[in-house]
Amino acid sequence: MSSDCLFCKIASGALSTEFLLETDHVVAFHDLNPVAPTHILVIPKKHIASLADVQVQDRELMGEIMLAIRDLAKNQALDEGFRVVANTGTDGGQSVFHLHFHLLGGRSLQWPPG
Ligand code: AMP
Ligand code: ZN
């Protein structure tokens with residue numbers, strides 16, 4: 001855990017955030033500023049700064065995150081489809097430097113993004 005990282009605090013339960021899903025290694029919670037009817041963040045409990053910082057030994061964890069996203073999409077009834085986004089680094093528009101995947105759905109999403 002990185003003591004000055006917002007998402008480490010959320011993952012540890014220090015901010016009493018409602019979790020939509022929790023496993024030994026992963027948590028999911030509502031985005032504070034939703035941009036779609038469903039906007040959930042899925043994060044590892046372990047501090048990894050971004051997708052660019054994932055290590056080979058994180059591969060099982062990365063698989064767990066993807067399966068969590070699959071389960072959430074099902075639980076949230078995103079039967080018409082959804083989008084998964086990992087903004088990475090400055091050009092990717094990342095603002096919180098703890099790896100997170102946005103799960104977006106509940107409306108028709110446009111492409112390409114800005
Ligand atoms: P990104 O810009 O891809 O790094 O995404 C960071 C996301 O975290 C944004 O969509 C914010 O709305 C969201 N966010 C920031 N602070 C919080 C918080 N305390 N709880 C939930 N979501 C947050
Ligand atoms: Zn962190």
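A backbone N or O atom of Leu-32 lies 3.1 Å from a nitrogen atom of ligand 1, in a model that is predicted. Two further contacts involve oxygen atoms of ligand 1: a backbone N or O atom of Gly-93 lies 3.3 Å from one, and a polar side-chain atom of His-100 lies 2.9 Å from one. The protein covers 81% of the 500 Å² of accessible area that ligand 1 has on its own (Shrake-Rupley method, 1.4 Å probe).

Helix H1 (6-12) and strand E2 (26-30) are the elements that give two or more residues to the shell around ligand 1; H1 supplies the largest share, 3 residues. Helices (H or I, at least four residues) and strands (E, at least two) are DSSP runs, numbered from the N terminus. In total, 16 residues surround the ligand, and the closest are Asp-31, Asn-87, Ser-95, His-100 and His-102; a residue is near if one of its heavy atoms lies within 4 Å.

The protein as a whole has 2 helices and 5 strands, in the order α-β-β-β-α-β-β from the N terminus. The C-alpha trace spans about 35 × 30 × 25 Å along its principal axes.

Residues are numbered from 1 along each chain as written, with chains lettered from A and ligands numbered from 1 in written order. Local features need pLDDT of at least 70 and side-chain atom pairs 80 or more, while totals for chains, interfaces and linings use all residues; side-chain values use heavy atoms, without hydrogens and water.

Key
A polar contact is a pair of N or O atoms within 3.5 Å; within protein, one must be able to donate a hydrogen and the other to accept it, and residues adjacent in sequence count only if both atoms are side-chain atoms.
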